[in-house]
Amino acid sequence: MASGSVRFTVQEAEDPAAELEVELRNTGASLTSYGSIHGENKDTGSIKSGVTGQPYNNLSDIERDAEPYQVADCNLALFENEITSRPKISSLLSRLANSEYVPNSDGSETETALQKSQLQDQSNKMGTLMGVYLPCLQNILGVILFLRLTWIVGVAGTGLSFLIVFICCTCTLLTAISMSAIATNGRVPAGGSYYMISRALGPEFGGAVGVLFYLGTTFASSLYILGAVELLLTYIAPSMTIVKGSATEGASVDLNNYRIYGTLILILLAFVVFVGVKYVNYSAMVFLMVVLLSIFAIYIGIFASPFHKGGTPFCSFNGTAIKDDYPCSFDMMNAMLEDNASAPPFTNPFYLNDNGLLKMQFNNTFRLKNGIPGLKGGVFSDNGGGSFMSSGEARPGVAASPAQAAQDITTTFTVLLAIFFPSVTGIMAGSNRSGDLKDAQLSIPKGTIGAILTTSMIYLTCVLFFGATIDGVLLRDKFGESIGGGLVVAELAWPTPWVILIGSFLSTVGAGLQSLTGAPRLLQAIARDNLIPVLSVFGVASKSGEPTRALILTGLLSEVGILIASLDKVAPIITMFFLMCYAFVNLACTLQSLLKAPNWRPRFRYYHWAASFAGVCLCVVLMFISSWYYALAAFVVAVVIYKYIEFRGAEKEWGDGIRGLSLQAARFALLRLEDGPPHTKNWRPQLLVLTRLEADLLPADRNLLSFASQMKIGKGLSLVSSVIEGNFVESYGEVTAAKLSLKRAIREEKMKAFSQVISSPDITQGLSYLVQNSGLGGMTHNTVMLSWPNSWKTKGTWKTFVQIIRVVSAAHHAMLVMKGHDHFPSNVDRVTGHIDIWWVVHDGGLLMLLPFLLRQHKVWRACKLRIFTVAQMEDNSLQMRRDLESFLYQLRIEAEVEVVEMLDSDITAYTYERTLVMEERQRMVKDLNLSKKEQKRDVNHIVDSAHGRGAPHEPGPALDPATRQPSSGQLSLPSFQSRPDSLQMPAPGLDNVRRMNTAVKLNEIVVHRSHKAQLVVVNLPGPPKAGTGGEESYMEFVEVMTEGLERVLLVRGGGREVITVFS
């Protein structure tokens, strides 16, 4: 095979050429220039490709087709090779400056460059104010400020409300600081926060958090739409109620009204987004201006409230608000007493004054009050404490009568925190527009942090001002039932409540539009990363570039939130999703800061890993104190998505922080493992699988990989290695392609292993290098596994095989040899029967451990173990059996036990004859120095003669098939009349005869008892010492010992105990 060229078969691939090209680029090899994929060979199903050592994958077509530099005319002749093969510095700098050079893990950049060029005109128009600050303000300020903040202040009190707002704002501020560091650490293309998290934490975390962030954004649209419906039906136009029935949230509006109007508004908004996102962008600034105008109206009303003529009167009785439907009179009070047994006794409400006139006795419990007395009303101290109530209560511990305004939900500090938190979300609005910004690295930190500080100041001051200007009883009136169904914060505004009503309605509608616009694009970005195949259908855009399919799914999910029909129940769901997202943003910054990756160079300097870690902790704590069951549900969803992406084998490489963390953890673990070998209780086979490659670079022994995966079941270390004969410089492309071929085979066999391919001028030396140097530190192999060379007699591979056994023994590693590997089951097969263990010599317990590990896999789970041990003449068979049963009992291994006696040591004629034929074949091949073809012909001739299969020599007496002895008791040796006298066979060596006798007798016993076994596990004899010869005889002995067995696993221990009876 020519150097730099690779030809191999790729199976079950839709586009094998494209797949190989992507994988080769991941390894740093290039397919450009002469190293390109030429196409598929239709006759052989193979792919011919050239692979070079070119690591520059981002050359444009123009650069590839351009004429090479005239090196003779330039002054850089010293770099002649580099100049002709690498991009020109001037063009590279130009592409970097124009945002065109954005390499991905697979070397592709076309789509990103196109997106950048499309956004280039817009990026010059978006600065910090318009591109980040104002969009963040619009997304942060919204429905909770107008509909729930006054109620939160009334229930929790000014102090705890301030704490709630401060905690939430601190959480978002810490997140914004971390996000600023990540956003300024290089360009952030489309995808915003999802892009940052996924590229910082990896595809598994990125996919999980991306889906959660998408769900949070989608349910945020439900929240805003429900807020708009509540404003419409409760405050703006109560007469529009369609369904009359049970009251919801203290108002005379049935839940079905929320569902009907919410669905109608959702359809309308989705239609606007479908028609064109440009209309959403046009209306965004209008909505923002309305929101800011409403806030200014609130602040003006705070200072103008003392001068408001007539104030805001409402009826109060004993610290509770009386509904406006009931007159503030004695009759109403009596009705209350009749309906509410817990009300305080109030008898004789009239008394005579000095003039004899009847006067009503109010006793400071039943009176008409001004709900908004202003800053000088003295209500700030009264509103300092909290009044947490259960559902249906008018005040703490007092059930409400029909005349009193009651709480619709049970309130606690954590519930209020979960309800308020969505009001501080929206900090990602600026980072989501990173592609539209003139200078994203400058605008994102300044605009986002500035918007958070501004909104935090608004929320905190509103808490203080609400507590200082509005009566606490009216603050706790969630739906303003005591003031005629008015919005409390609207009554505070100047000059008219309609400023707030209209402004808040438009604000919620605008926020809903923004959510329905952003969520489909986020889903499209996730789908195009192809991390979750089921979502890939949503990565398709319409002809106009809009994510129509993603919009449909977003609308359906938003409808689920609308069907809940409760703003207070949807808010905690959104809180969980956003807190999860913010936690991972902080985690990404923490990891990058601690790992100090070379690429971690953010322009934003005002961050610290401790602050980011505090943000992580705060987000997690807020999740669980807000709603522990929602938090658990969010974590379960994230874990399921994470494991799914991990199970599929995420092939994205984004240079994420989790990979850096894994490297640090691996380094720490390797240093710990370096201290010494593992304890016997922790010993398990760490496999080095040596496999042979075919001419097309596919592994020749696929069943070897299957069997290794069955033995490991995903535990411990597995290395799949091979050697290519040749020089590494010349065969680099072949080595790279072979490694990719091994990786593909490993994936197909569902094996958790690493692949390794080296190049060596000598195969035997290359295999020796692998045995010596594979692994790293304490994480190295202790067991070498390979298959038996079936064609060792004809191809001369016995020298390499025996030398590998010697190397493995010298390294004190265990060795496993699969004989009959073509008959071993694959991972989809299921076998039943017995696994027979033939314990001939002690090997540290490896023969016991391996079958036990095999039975953990579903392929061998139905098999039962049988253990046979061989007793010598001086052994007590009965005692051996009892000892073995006791030993297995202590090992907690269930198996049948049998002791086999080998008492007959007589050497049979068959043994003598086979030894004689073996030695003669070896001598003839050595003396005649025949070619390989002649060796094969001559060896087969001798073997046929020895087994009486019609060879042209004088036939000897027939052999008894049961005893393998001549039926006449005479030993008949084949006569080789065609050979000269000098080649007549002498008597065989005594050592060889003895070893052959052992192999023959052991084979007879094993075949007799285990011929039906699914797998036979037996000791592998030790090889002859180097320099003493006998390697070919050794192969013959093993061949005879396992003759007639379909599946055999030959095991040789590494010289240490691997199993123990102790706990």
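**Salt bridges, a mixed sheet and a nonpolar patch**

With a relative accessibility of 30%, Arg-1009 counts as partly exposed, a class that lies between buried (under 20% relative accessible area) and exposed (over 50%), using a 1.4 Å probe and protein chains only. The model is predicted, so local features need pLDDT of at least 70 and side-chain atom pairs count only at pLDDT 80 or more, while totals for chains, interfaces and linings use all residues. Residues are numbered from 1 along each chain as its sequence is written, and side-chain values use heavy atoms, with hydrogens and water left out.

The side chain of Arg-1009 meets that of Glu-898 in a salt bridge (3.0 Å, N to O), the term standing for a side-chain nitrogen of Lys or Arg within 4 Å of a carboxyl oxygen of Asp or Glu. This pair links distant parts of the chain, as Arg-1009 sits in helix α33 (residues 990-1010) and Glu-898 in strand β18, 111 residues apart. Helices (H or I, at least four residues) and strands (E, at least two) are DSSP runs numbered from the N terminus. Glu-898 is partly exposed too, at 29%. In total, the structure holds 14 salt bridges. Another of them joins Arg-521 and Glu-546 at 2.3 Å, N to O. Arg-521 belongs to helix α18 (residues 497-528) and Glu-546 to the loop between α18 and α19 (548-564), so the pair ties together parts 25 residues apart in sequence. Here Arg-521 is partly exposed at 27%, whereas Glu-546 is buried at 17%.

Turning to the strands, ten of them form an open sheet of mixed pairing, in the order β13-β12-β11-β14-β15-β20-β19-β16-β17-β18; two strands pair if DSSP finds at least two bridges between them. At the edges lie β13 (754-760) and β18 (896-901), each pairing on one side only. Within the sheet, β11 (residues 687-690) and β14 (residues 783-787) run parallel and are joined by three bridges, with Leu-688 opposite Val-784 in β14.

On the surface, Leu-160, Phe-162, Leu-163, Phe-166, Phe-380, Phe-388 and Leu-464 make up a nonpolar patch with about 560 Å² of accessible area together. Such patches take residues with over 30% relative accessible area and no salt bridge, joining nonpolar side chains (Val, Leu, Ile, Met, Phe, Trp, Tyr) within 5 Å and like charges within 9 Å; the areas come from the Shrake-Rupley method with a 1.4 Å probe, and for residues only the protein chains shown count as cover. Helix α8 (residues 149-183) contributes the most, with four residues. Leu-464 comes from helix α15 (residues 440-469) and is partly exposed at 34%.
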